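The following paragraphs lead the reader through one protein structure. Please keep the sequence and the model in view while reading.

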Amino acid sequence: MSLHDQDDPGLRAAQEERLRAVWAPPRGLFLRWTDTNNNQVGIWYVLTAFGFMLFAGVLALIMRAQLAVPDNDLVGAGTFNQLFTLHGSMMMFLFAVPMFEAVSIILLPQLLGARDLPFPRLSAFGYWSFLIGGVFVSGSIFFDAAPDGGWFMYPPLTTRTDLSGLGADIWMLGLSFIEVSSVAAAVELIVGVLKCRPPGMRLNLMPLYAWYILVVAVMILFAFPPLIAGDILFEMERLLGWPFFDASRGGDPLLWQHLFWIFGHPEVYIVFLPSIALFAMLVPTFAQRHLLGYPWIVLAAVGTAFLSFGLWVHHMFTTGLPKISLAFFSAASEAVAIPTGVQIFVFIATLWAGRVTWSTPLLYATGSLGIFVIGGLTGVMVAIAPFDWQAHDTYFVVAHLHYVLIGGTLMPIFAGLYYYWPLVTGKKLSDRLGRTAFWMLFGGANLTFFPMHLSGLMGMPRRVFTYPEFLGIGGLNLVSSMGAYIFAGGVAIICLDLCRSPWRSRAPRNPWNAGTLEWLAHPEDENWGIRSIPLIESRYPIWDQKDFVAKVDEGRFFLPDAEEGRRETIVTTVLDARPLAVIRLGTPSVIPMLTAVALGGVFILTTYHLYGLALASAVLTLAFILWWLWSGTAEIPEKCSKPIGHGIELPLYLSGVSSPGWWAMFITMMADATAFSGLVFGYYFFWTRHDDFPPVAMSAAPGIFWPMIAMSLGLLSWAATLAARECHARAFVRFGRLLIAFGILVSIAGIGAGLAGPWASGMDPTAHSYPAIVWTLVIWTVAHAGVAAIMLSYALARSVAGRMTPEHDADLRNVTVYMHFLALTVVIAYGTIGLFPEAV
């Protein structure tokens with residue numbers, strides 16, 4: 001059928017009805033909760049993250065009430081430590097990162113002209129993991145069991161169970177579970193940006209929001225896994241007594257600081273760059289012109305991300321590091337101001353060159369830039385090591401941090417809220433209430449945090465629940481506390497505005513006259529996004545392409561119908577967005593929620609040392625994952641291809657490097673490899689910190705024989721998988737199955753050989769950091785070998801059941817990607833423990 005045939009109004013109405021039937025949210029509250037449409041998931045995500053932000057804000061108000069006057073006894077030291085730890089943890093882990101992921105899950109499909117992101121069930125799983133982990137961590141304060149070691153949880157005070165209670169385990173295991181949801185969202189966003197753009201949207205035509213989200217999602221892959229590695233070491237010390245951070249047994253508490261801040265400082269830019277992305281969308285709209293310096297701002301975003309991974313040591317300037325390290329990281333910390341400044345000046349230049357329409361969203365944007373610049377200037381100050389030695393662990397750093405986070409994260413989110421609320425709900429928020437709230441937020445933020453610079457320079461330390469009157473900082477603290485409550489009043493007005501929104505009249509479509517694709521949507525009646533997937537020829541197609549909106553609405557572009565009654569979108573090439581295939585998306589399902597509940601049980605039950613139940617929950621998690629994969633992925637379609645319009649016919653099945661599934665596996669394994677590198681970093685860190693590593697007095701060592709056998713078996717299973725893939729592709733199906741079975745057996749044998757080395761030599765992981773880190777590397781590697789055996793068994797079962805054929809072999813090709821990373825893991829792990837440093 002030609003798209004020109006769609007001029008028939010009756011045909012268009014029938015097509016719209018089919019689309020509505022496919023994409024409408026399920027009826028009933030429970031079914032809505034289990035919907036996997038990213039628009040629905042994103043809305044729940046935003047509401048939940050906003051709720052956690054409000055709760056964390058209440059905790060901050062209690063702290064400011066305690067600090068308002070000297071020698072106050074409103075709350076005790078223990079309660080204050082719980083409030084402080086939970087406030088920081090919730091704002092960083094339960095609000096800032098999840099909020100940007102939630103907003104992206106809503107906006108990206110519409111910005112990219114896609115019907116949805118490629119893995120809607122993965123988004124739903126990420127949301128439920130976030131919700132369960134967040135409730136578990138934040139709810140602990142109601143049982144006097146909240147973590148109290150600070151949001152950074154420095155050992156050894158937190159790893160010693162006699163000095164810290166259950167709260168440390170709740171923090172560590174609960175937030176590790178939340179990190180799983182963050183990585184899941186990153187996978188979804190990266191694949192969505194790279195593979196689900198509309199035809200014609202080359203990389204240099206992508207909306208800047210998509211560029212920023214791509215950069216930030218990649219940062220998550222390299223920033224969060226080192227913290228996961230640190231969490232593993234942390235919990236092994238607390239639960240099993242393995243001395244990674246115990247200096248008396250060869251450990252070093254500085255290892256935790258390195259792993260934490262390798263995550264912690266990129267984290268600041270992970271929450272800052274998405275806010276800049278919102279500026280990149282609304283500034284051109286209110287300037288009514290294209291954004292100036294598009295290539296420069298993309299390079300600046302990438303440069304900021306790159307430099308952010310070279311800054312973590314400036315949190316450790318007072319730990320006695322070599323001076324050359326101080327100089328390097330100080331220079332890098334100052335250099336990051338350059339790409340940040342480029343982005344800010346691009347926005348100023350665009351407003352200067354345009355015809356500015358002042359609005360409530362733009363007011364928030366400009367105000368947040370003012371606050372952020374102050375935080376940036378103090379950031380350059382603390383990047384200078386001699387100054388940092390004076391200001392470290394004082395309220396000067398608290399002021400700097402909050403200026404950056406409020407100006408670079410919270411205020412931009414409010415700007416985006418007022419800008420995009422008509423897109424999500426079809427209603428505009430009140431300009432009068434919005435402006436009133438802005439001035440309360442702007443004034444309250446400066447009143448709260450600017451005096452902290454002075455109190456910090458006068459000697460007020462961080463993380464104290466009270467202070468003596470003779471320090472002379474009572475007045476400054478009282479002003480800060482007053483400002484905090486004024487700021488909270490501004491947030492309350494925004495909440496009131498949101499609550500009044502449903503009773504307001506409908507806003508017109510695209511009320512701001514924006515030029516990007518997201519404003520094509522009809523929030524009042526179309527849940528699938530846009531009527532047809534367009535051909536893109538400009539960065540601002542609504543402004544630049546003639547009759548663009550009408551052509552989209554009339555279905556004159558691609559995939560205007562749901563002929564088979566399935567949720568579908570187009571997959572394109574990474575660089576130039578040429579159409580490759582039509583993929584079918586996951587339907588509403590309870591499986592993601594059940595999987596998240598079962599996986600949450602593993603973390604929560606382990607917290608309470610219920611290891612048997614935790615193991616049972618792990619088995620249940622595996623069962624749900626296999627059910628999920630078997631029923632909802634790599635489906636063989638009923639026909640080979642379908643027309644999408646303009647005479648183009650696309651296949652309905654993809655495998656290999658062109659498919660979203662292959663990219664998802666590759667990206668997931670990149671995150672996995674980064675976590676593994678954190679553990680390897682621990683091994684070599686101990687080697688650099690100790691004159692004798694392994695200790696001369698410790699005769700037990702894994703030797704060379706068993707590690708080399710285990711390495712050989714791991715490489716053999718990898719080779720068998722490669723051979724099976726090639727045989728299967730050439731229709732030698734039975735021989736391919738035999739090779740898969742052989743790979744399974746060899747992987748299992750590799751588990752035994754890997755464990756035999758440290759076991760046969762009698763290495764006691766509780767005696768010293770050397771056997772502890774050796775056992776950790778071995779357990780990580782054999783666990784991955786076990787996963788390889790399960791994945792190969794799954795591929796074999798799919799082949800036997802007729803769900804995997806030579807033409808439809810996505811399962812085996814994706815497993816092969818995993819095996820590539822397993823081969824790299826066994827070489828590094830067994831090469832390290834077997835050959836270094838003894839055999840070298």
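How many salt bridges does the structure hold? The structure holds 20 salt bridges, a salt bridge being a side-chain nitrogen of Lys or Arg within 4 Å of a carboxyl oxygen of Asp or Glu. The model is a predicted one, in which local features need pLDDT of at least 70 and side-chain atom pairs count only at pLDDT 80 or more, while totals for chains, interfaces and linings use all residues. Residues are numbered from 1 along each chain as its sequence is written, and side-chain values use heavy atoms, with hydrogens and water left out.

One of the salt bridges joins the side chains of D169 and R238, at 2.8 Å from N to O. D169 belongs to helix 6 (residues 166-195) and R238 to helix 7 (residues 208-240), so this pair ties together parts that are 69 residues apart in sequence. Helices here are DSSP runs (H or I, at least four residues), numbered from the N terminus.

Two packed helices are described by the angle between their axes and the distance between the axes. For helix 12 (residues 360-382) and helix 15 (residues 431-457), the axes come within 10 Å and cross at roughly 10°; axes are lines fitted to C-alpha atoms, for helices over the stretch in contact, and angles run from 0 to 180 degrees between N-to-C directions. The two helices are therefore roughly parallel to each other, a term for angles under 35 degrees. Their contact (heavy atoms within 4.5 Å) includes L363, Y364 and I371 of helix 12 and F438, W439 and F442 of helix 15.

The peptide bond from P155 to P156 is cis, with omega near 10°, and P156 is placed in the loop between helix 5 (120-138) and helix 6.

How values were computed:
Parallel < 35°, antiparallel > 145°, perpendicular 65-115°, else oblique.
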